[in-house]
Amino acid sequence: MTFKDRSFCGTLGEPDEGRRVFLAGWVDALRDHGEVIFIHLRDRSGIVQVVFSPETADQEVCRKAGLLRSEFCVRVSGSLVRRAQGTENPGIPTGNVEVMAADLDILGRAGALPFQISEKSMVAGLAGNREESVAEDLRLQYRYLDLRRPTMQEHLINRHRIVKAVRDYLDEQGFIEVETPILTKSTPEGARDYLVPSRHYPKNFYALPQSPQLFKQLLMVAGLERYFQIARCFRDEDLRPNRQPEFTQLDLEASFIDEEFIYRLFEELTARIFSVGGVDLPRPFPRMTWLDAMNSTGSDRPDLRFSMFFRDATGIFSETRYGIFRQILDRGGCIKGINVKGQSARLSKNVLQNEYAKEIVPGFGAKGMTWMRAVNGGLESNIVQFFSKREQDEIVRLYEAEEGDVILIIADPSWKLVCSALGQLRLHVAGRLGLIPGNIFSPLWVTDFPLFEPVEGGVTSSHHPFTMPDRTDFDPGDIEELLSLRSRAYDLVVNGEELGGGSIRINDTALQNRIFKALGLSENEVEEKFGFFLRALEFGAPPHGGIALGIDRVVSMILGTSSIREVIAFPKNRSAFCPLTRAPSTVSAGQLAELELLDLGGAALLPGTKEQEDFLDSLSWVSRIRINGGERAAISEAVEAAKSCAAKINAAAGEEEPMFSVAPASNRTRPGNEARESRFAKEQDIFRNAPEVKGGFFKTASILE
Amino acid sequence: MELFTHRETDPAAVSGRPGLPLSGRRVVIQPNMSRRGWPCNAGSRALENYTALEDAAIIPRLEKSGAHLAGNSRMSELGFGLSADTTVQALIEKEADIALMTDTMGEARVAAARAGIFGFKPSWGIVSRFGLIGLVPSMECYGVAAADPADISGVMQAISGKDDRDFSMPDGELPDFSQEGKTKTGSRRAGIVKEMLSLLTDKDRGLFRENLKMLGSAGVEVVEVTFPEFELLQTAHQVIAAAEASSSAGKYDGVRYGYRAPGAKNWNDMYLDSRGAAFGTLVKAFLFQGAYFQFENYAAFENACRVRRRLVRSMENLLSELDLLVSPTCRMVRKDAAPSDVRGAYEEFILTLPANLTGQPALQVPGDPAGDCVGLHLTAKRLDDSRLLALGRRLAASRGAK
């Protein structure tokens with residue numbers, strides 16, 4: 001048998017009836033009826049049932065068929081027949097036919113499987129028989145088996161189609177794909193770099209790119225005019241459930257363009273890739289300035305699948321006698337609220353007061369929340385008696401309150417805090433009450449971001465320092481003016497998730513230098529970090545701009561998967577670890593010696609250097625011990641001493657098994673097999689030493705700010 | 001400074017039970033040894049205002065032997081080092097007869113040496129540590145200091161023994177302290193590690209040689225031996241102890257007990273601020289070393305444990321032909337040179353900490369001058385505690401006779 005005339009399982013059907021077919025694939029499932037053996041044979045195209053029967057196959061073939069187990073790799077030939085009436089399996093597309101095997105080769109045997117791979121029942125009417133609760137780390141450890149599952153193959157195939165749609169469209173539009181280096185210099189995206197030690201330049205490091213930002217701008221200086229890349233980017237950020245240390249982004253840049261070009265190009269592109277997943281995006285995408293987004297949803301990535309937009313009630317209360325509002329307004333604060341339409345019945349007084357006002361909203365950082373229910377043409381609440389008739393009427397009018405509506409209001413001296421807390425509240429209420437429609441996609445451009453954000457003693461770039469400001473006549477020393485600048489940046493948001501973002505860039509050295517000055521970078525720092533780039537701007541750099549799109553995230557959204565790991569062939573787990581290869585791992589002392597990294601910082605103290613500071617801060621973070629003023633030098637010295645100890649011990653390690661105890665205890669269990677509650681817990685004595693207790697629980701700060 | 005952080009005032013408790021081995025003996029304990037109802041802050045803000053909910057395993061055992069608990073001394077933070085420790089001072093001031101001290105690097109022995117009395121660290125794993133708030137589980141144990149070595153034997157007889165509540169206790173035979181009075185010490189050979197001598201000044205060495213005469217007159221032969229990796233004992237101790245400390249101090253979260261920093265906005269800040277304020281600079285520096293081994297260089301911790309196995313075996317090999325190793329207990333130092341950093345702390349205990357790493361019993365015997373240190377430090381085979389204490393009694397007797 002050869003593979004020459006191979007047919008594909010999933011493509012077979014009634015037109016092939018009577019044909020002799022040659023198939024190769026894996027045993028998805030099997031049923032042994034003694035004389036007759038049925039298998040589901042699976043290849044990438046799908047599944048077809050193969051029957052081994054003494055009537056059509058000789059004794060030897062039947063004997064071999066008896067050896068088959070799940071996931072054996074086999075080659076089969078036989079004739080395709082229509083299934084007997086009543087034995088069809090509508091659960092698979094080829095369910096009306098089956099292959100009567102004449103020959104069988106076992107190409108590869110499979111051992112015991114760590115989890116079930118088959119997703120299709122062999123019996124009509126039964127749902128897929130896969131257990132859903134396979135631990136993700138186990139799936140990742142045996143990813144090559146996990147990827148045999150049709151669902152996972154479907155994800156990878158669709159990802160391929162989406163990326164291909166991107167390439168095809170951009171090619172049509174005159175973009176060319178250019179690869180930029182992976183071993184490069186630290187770029188200014190602001191996350192931690194992954195570093196790669198250089199053997200030729202001992203104790204010097206390459207950084208893996210956090211994005212191809214500077215290179216793509218250099219390609220514009222180079223006159224490529226329209227560039228794109230499906231680029232791998234690396235960021236050593238804190239762990240989050242849906243974040244990967246390396247990710248793929250569509251990176252794009254074009255010269256002689258403005259925002260409108262990007263919007264048009266990218267709307268078409270986004271629409272095309274969503275259509276791969278059968279999603280029709282409404283166009284043109286609406287646009288919203290950052291300020292409007294904040295004022296109406298409290299978020300720079302508003303979820304527009306539902307309304308419940310903020311309305312500003314500050315004006316209504318300008319004369320109020322309600323003390324709390326009075327004080328807030330006296331301090332220049334604002335009052336905003338939302339109307340939860342018709343949900344009065346589901347938001348009881350208890351829920352509003354004890355859950356939202358007392359627990360949930362303070363968890364969002366606000367001091368409190370005011371609620372009112374529209375009842376009998378008026379308002380009902382625990383504080384409504386403090387509002388004048390006029391104020392009540394105007395609230396009803398402003399929020400267009402109707403019977404059964406609930407109005408939630410947050411007031412605070414800080415506009416930012418009101419927006420952020422009410423924004424979180426908007427999402428919380430909508431999520432809880434099921435007001436967010438599924439299966440719809442609401443794209444949106446958010447524009448006109450602030451160019452800078454305030455930090456202690458200065459400003460930092462909101463986006464990155466190469467973003468073009470809305471005007472160029474600013475004074476780089478005037479912090480107030482800097483904070484009023486808007487950037488020519490834009491984010492593409494879908495369903496409250498930022499899928500991509502970009503900006504028109506600065507192409508003028510003088511302007512770029514003033515931005516660096518505003519950021520408080522010294523000339524030396526600028527030269528060291530960006531000198532090569534500034535030099536390039538001096539050679540006739542064209543006006544240009546671009547955008548980047550997170551491919552993993554967008555594919556995951558289009559395919560509706562539970563995490564981005566479902567659309568990546570070999571992802572790291574939530575802890576940035578690869579259970580398959582067990583990376584990251586230690587390396588041999590030999591490798592480190594070759595890189596001259598064995599004694600890095602061992603003897604030579606590095607106090608005061610930025611690297612050492614960061615290192616102490618990261619130890620402080622993982623051990624959850626704050627370094628207080630004045631302790632830093634002593635701790636730095638202690639950590640350096642620990643490094644020396646480590647170097648000394650590692651050099652003397654030897655090969656013996658570690659001894660963790662000089663006299664190990666044998667395993668023991670407590671007598672009895674019933675769970676017992678400690679008497680200190682039962683009698684609540686454990687609370688006697690607690691710094692803060694509330695209602696039979698230890699009280700802690702909230703998890704999120 | 002107050003000697004005690006808590007004193008027993010109940011007259012019934014103060015009298016103790018008559019007619020028992022420790023009747024009339026007053027025991028001072030450190031505030032990391034749980035005594036129901038007594039403050040138990042382990043010398044740390046991390047356990048600020050903590051009151052013990054139940055007795056440590058040793059407490060009823062001491063009481064059954066007739067001893068009475070005089071009170072809680074002051075102790076260094078979490079028993080690491082001796083700064084601010086007053087436990088032995090209570091003996092000097094005749095407020096107690098016996099001191100129980102946490103011995104992680106040699107604290108009980110060095111404190112005893114400075115006071116010119118006996119100090120003992122038993123084999124690791126023969127006394128239940130249930131109720132002892134510790135820092136370095138694989139090394140620390142109850143140490144005992146007393147002027148009379150018979151009191152040490154009495155305490156060991158009372159407190160040693162199996163306890164289901166201490167899961168780290170190994171199986172197997174325990175030393176029999178009840179027969180100790182009758183133990184024939186026989187002729188003994190003691191070894192001096194050559195590499196150890198290089199740590200001493202000429203003055204230390206001179207005082208040590210004087211003290212060695214005690215052994216000679218007790219019929220113990222002294223020979224010089226070599227332990228090429230002697231220096232690694234300290235390094236291995238430090239790496240392992242720091243890593244274990246970082247791990248076991250993880251429980252101080254400011255939630256169930258101890259200090260809670262006010263005003264934290266979220267959970268992480270609460271931990272960072274509370275723990276940042278809970279630990280003093282010395283312990284904090286030590287915990288950062290441990291964090292480095294735990295999170296950044298775990299291989300070094302494992303390697304230190306590999307080295308530990310080799311060092312334990314070297315020690316066993318040495319003691320296969322000897323009964324004891326002998327050294328000074330502590331070098332002469334300037335009186336007020338309190339160690340302020342981890343390096344200094346380790347320097348102070350460099351002669352006593354090997355026994356903590358290897359789990360062997362060790363006894364400080366007062367020599368001349370009594371106090372200000374040097375002393376005589378005897379280390380025996382693991383579980384040979386009883387014979388070691390018997391020798392201690394003989395040396396005490398011959399000192400008394402002198």
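**Figure 1. Helix H4 of chain B is mostly covered, nine of its nine residues being buried.** A residue counts as buried if 20 or more other C-beta atoms, placed from the backbone, lie within 10 Å of its own, as exposed if 12 or fewer do, and as partly exposed in between. The model is predicted: local features need pLDDT of at least 70 and side-chain atom pairs count only at pLDDT 80 or more, while totals for chains, interfaces and linings use all residues. Residues are numbered from 1 along each chain as its sequence is written, and chains are lettered from A and ligands numbered from 1 in the order in which they are written. Helices (H or I, at least four residues) and strands (E, at least two) are DSSP runs, numbered from the N terminus. The buried residues of H4(B) include B:Glu107, B:Arg109 and B:Arg114. Just after this helix, B:Gly116 takes a positive phi of about 70°.

**Figure 2. B:Thr104 lies in the loop between strand S4 (98–103) and helix H4 (107–115) of chain B.** Why is B:Thr104 counted as buried? It is so classed because it has 29 C-beta neighbours inside 10 Å. Apart from neighbours within four places in sequence, its contacts (C-beta atoms, placed from the backbone, within 7 Å) include B:Gly79, B:Phe80, B:Met139 and B:Asn356. The C-alpha atoms of B:Thr104 and B:Met139 are separated by 6.0 Å, although these residues stand 35 residues apart along the chain.

**Figure 3. Strand S6 (residues 141–146) of chain B pairs with S4(B) and with strand S5 (residues 118–121) of chain B.** Two strands pair if DSSP finds at least two bridges between them. S4(B) and S6(B) are antiparallel and share six bridges; S5(B) and S6(B) are also joined in the antiparallel sense, over three bridges. B:Ala145 of S6(B) stands opposite B:Ala99 and opposite B:Gly119. Six of the six residues of S6(B) are buried, so this strand is largely enclosed by the rest of the structure.

**Figure 4. An open sheet of 11 strands in chain B shows mixed pairing.** The strand order is S1-S3-S2-S4-S6-S5-S10-S11-S9-S7-S8. At the edges, strand S1 (4–7) and strand S8 (220–225) of chain B each pair on one side only. Neighbouring strands are turned by 25° against each other on average, direction ignored. Strand S7 (residues 188–193) of chain B runs parallel to S8(B), joined by six bridges, and B:Val222 is the bridge partner of B:Ala190. H4(B) packs on the sheet, and its direction makes about 175° with that of S5(B). Helix H7 (residues 202–217) of chain B also packs on the sheet, its direction making about 130° with that of S8(B). Axes are lines fitted to C-alpha atoms, for helices over the stretch in contact, and angles run from 0 to 180 degrees between N-to-C directions.

**Figure 5. Helix H8 (residues 230–248) and helix H11 (residues 298–318) of chain B pack with their axes 9 Å apart, at an angle of about 135°.** That angle makes H8(B) oblique to H11(B); angles under 35 degrees count as roughly parallel, over 145 as roughly antiparallel, 65 to 115 as roughly perpendicular and the rest as oblique. Residues of the contact include B:Leu232 and B:Ile240 of H8(B), and B:Phe301 and B:Arg308 of H11(B).

Key. Two residues are in contact if their C-beta atoms, placed from the backbone, lie within 7 Å.
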